[in-house]
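Student: I would like to learn how to read some features of a protein model. Can we go through them in turn?

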Amino acid sequence: MSLHRRLLLLFALTVLVSVAAVTIIVSAMARRAFDRANDQRTAALVAQFRREFDRKGEGVDRRVEALTTSSEANRMLIAAARPAPDYSNFLDTARTIADAQQLDFLEFADDHGKIISSAQWPAKFGYLEPAAKPSAPATPFLKEEETPAGSALGLFAVRSTSAGEGKLYVIGGVRLDKAFLATFTAPAGMRVMLYENFGRPSGFAPERLLASGPAVQDAGQIAPLIRQVQQNSRESSAVIHWRSGDDEGITAFPLTGADDELLGILLVGSSRQIYVDLRGQIRSAAFVAGAAGLLLAVVLSSWAAARVTRPVEQLARAAQEVAAGNWDAGLAAGSGTDAGPPSKDEITALADSFHRMTRDLLDQRERLVQSERVAAWRELARRLAHELKNPLFPLQLTIENLLRAREHSQQQFDETFHESAATLLSEIANLKNIVSRFSEFSRMPQPHFQPVKLNELAADVAKLHQAQLAQAKIACDLQLAESIDPIAADPDLLHRAVSNLVLNAIEAMPQGGKLTLRSRQNANAGHIEVSDSGKGLTPEECANLFTPYYTNKVYGTGLGLAIVQSIVSDHGGKISVSSEPGCGATFIIELPANREKLQAAQGTHV
Ligand SMILES: Nc1ncnc2c1ncn2[C@@H]1O[C@H](COP(=O)(O)OP(=O)(O)OP(=O)(O)O)[C@@H](O)[C@H]1O
Ligand SMILES: [Mg+2]
């Protein structure tokens, strides 16, 4: 993966992870804050409900209390004290008083609990009213009340009055219904509902759910919460996801009667729409921030990549150019300043270092080439002097001998003259030989590339030296790889190089031995190897072998391997040696296939 892509991925990941983390944290905090506020609002509403409830209870209590001293109550008390009371006279009394007192329920009962007059069910006189008893609660309480239209839930108060033996119970109450709920003023986003639970119902009946405002849609969704309170008679809460899309937190409180029976369930609902809207806004903001962050990541990564990768790529290209021999590319890299102010960044510093390094290398190479050239000429002059000194000394001796012989007899002079002339000719021939080898080395021709089959070349060289090998009792082994592709080379020069190696091998095996010629190829190069079983070479000898004039032989010039190396080098190849003293030596020539030269050569040869 490129640096640009990696940077982009890194930046994008950082942005996305940060945005996601911030969104989650902010959402959680918003939810907690909302829940806290919601709990407070619910608690406030419940407290308000309780106050209202108590206030209404007190109102009922007051009115019922007042009724105990009314004239109607007195009349009923007198009537009840009779031995066989007739309550039919009071059929409408309770209803008239209830209307006047704004009570939904009102009943008068005698000390046996028998109803004297009932507002909610006038025909019920003479029946027993369970609440009309001395142990009736002193404070207002919830009660299920039978009416001709069915049961109803009410907030009741019971008071009694007595005169002599007679006792009168006044039981009054208000109905807990939609109208009762409407008297509560709930803050915006909140509402109060009531579930009528009297009559010990099992399960949930939607028609029993009353709300202050419009009827509750999909009331069945509250059923689990209602059942929970029915089972535990304890406060419970739940978040209802209405099908309309609104979320509402509902807290349910049990409303119990005088005997702790569950008569109703008060439900306080608080819309979570504000939180849902807030969460939506947080998410939208996160998406916008994420998108902006991604855009920023793209821009930043491109900028960083441009800042880092482009100069690095330029440096890499310059390094490749330098490796290929184009030193100017290395000099072009960097600012070119030497000891200026410190570079602004690492990349510029790197480019500058590369520039300096290239220039230093170029300087050193120049110096090395010059000193090598000087050393080579010095060595050549030294060798030439040494080589020429050897034949010159016998030449001088012979001529001095000849001059001395002049003083002797003619016959003696003639003898010495013939002898000296032979010596002089031989030494001059020696001198000529030395000079020709030197000039041969100096006039090494440039290769003339042609397709060359290495197997054929190796076989030719072996054939050429066949007689010599036989005479020196050396067995020749040709280990040639099958189907080697031709390479571009100069067949004559290559022949000369391999011949030189074979000659050296023969000279390394004076007692006879085995000479092996091998050929092989890999992807881009052909190899030819010359191995002998001779005396081998020490590591020091291996290091000096290719130095011109390095020889261990009495009549050797030490130019053989130097010429081989020069030929191999002109072909763009390399020569190496592996050897150990006493274990023979192997010289390996590696030659590049030179495909483009091969194609050019094949083109001209077709
Ligand atoms: N196959 C070999 N085994 C052992 N020594 C070798 C072998 N080939 C070369 N040498 C050593 O390397 C030296 C240099 O060899 P090189 O061919 O350059 O010169 P030379 O053989 O001495 O002289 P010339 O080749 O001019 O006759 C030799 O003198 C010899 O000591
Ligand atoms: Mg040699």
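Tutor: Start with burial. Arg 159 has 16% relative accessibility and therefore counts as buried, since the cut-off for buried is under 20%. Keep in mind that this is a predicted model.

Student: With which residue does Arg 159 form a salt bridge?

Tutor: A salt bridge is a side-chain nitrogen of Lys or Arg within 4 Å of a carboxyl oxygen of Asp or Glu. In this case the partner of Arg 159 is Glu 65, and the closest N and O atoms are 2.9 Å apart. Arg 159 belongs to strand β4 (residues 150-163) and Glu 65 to helix α1, so the pair ties together parts that are 94 residues apart in sequence. Glu 65 has 41% relative accessibility and so counts as partly exposed.

Student: How many salt bridges does the structure hold?

Tutor: There are 13 salt bridges in the structure. One of them joins the side chains of Glu 248 and Arg 191, at 2.8 Å from N to O. This pair links distant parts of the chain, with Glu 248 in strand β9 (residues 247-256) and Arg 191 in strand β6 (residues 190-196), 57 residues apart.

Student: Is Glu 248 buried or exposed?

Tutor: Glu 248 is buried, because its relative accessibility is 4%.

Student: Which side chain meets that of Arg 359 in a salt bridge?

Tutor: The side chain of Asp 360 does, with an N to O distance of 3.8 Å. Arg 359 has 27% relative accessibility and counts as partly exposed. Asp 360, at 37%, counts as partly exposed too. Salt bridges can also share partners, and in that way Asp 61, Glu 65 and Arg 159 are joined into one network.

Student: Now the helices. Which residues of helix α3 are buried?

Tutor: To read a helix, look down its axis and note where the buried residues point. Helix α3 covers residues 93-101, and its buried residues include Thr 93, Ala 94, Ile 97 and Ala 98. Viewed down the axis of α3, the buried residues fall within an arc of 125 degrees, so they line one face of the helix.

Student: Which exposed residues does the face turned away from the buried side of α3 carry?

Tutor: That face carries Thr 96, Asp 99 and Ala 100. Just after α3 comes Gln 102, which takes a positive phi of about 55 degrees.

Student: How many residues surround ligand 1?

Tutor: For a ligand, list the surrounding residues, then look at the polar atoms. Ligand 1 is surrounded by 20 residues, the closest being Asn 504, Thr 551, Asn 552, Lys 553 and Thr 557. A polar side-chain atom of Lys 553 lies 2.6 Å from an oxygen atom of ligand 1. In Asn 504, a side-chain N or O atom is 2.8 Å from an oxygen atom of the ligand. Gly 560 uses its backbone: an N or O atom there lies 3.5 Å from an oxygen atom of ligand 1.

Student: How much of the accessible area of ligand 1 does the protein cover?

Tutor: On its own, ligand 1 has 590 Å² of accessible area, and the protein covers 95% of that.

Conventions. Residues are numbered from 1 along each chain as its sequence is written. Chains are lettered from A and ligands numbered from 1 in the order in which they are written. This is a predicted model: local features need pLDDT of at least 70, side-chain atom pairs count only at pLDDT 80 or more; totals for chains, interfaces and linings use all residues. Side-chain values use heavy atoms; hydrogens and water are left out. Helices (H or I, at least four residues) and strands (E, at least two) are DSSP runs, numbered from the N terminus. Buried means under 20% relative accessible area, exposed over 50%, partly exposed in between (1.4 Å probe, protein chains only). A residue is near a molecule or strand if one of its heavy atoms lies within 4 Å of it. A polar contact is a pair of N or O atoms within 3.5 Å; within protein, one must be able to donate a hydrogen and the other to accept it, and residues adjacent in sequence count only if both atoms are side-chain atoms. Accessible areas come from the Shrake-Rupley method with a 1.4 Å probe; for residues, only the protein chains shown count as cover. The arc is that of the directions from the helix axis to the C-beta atoms.
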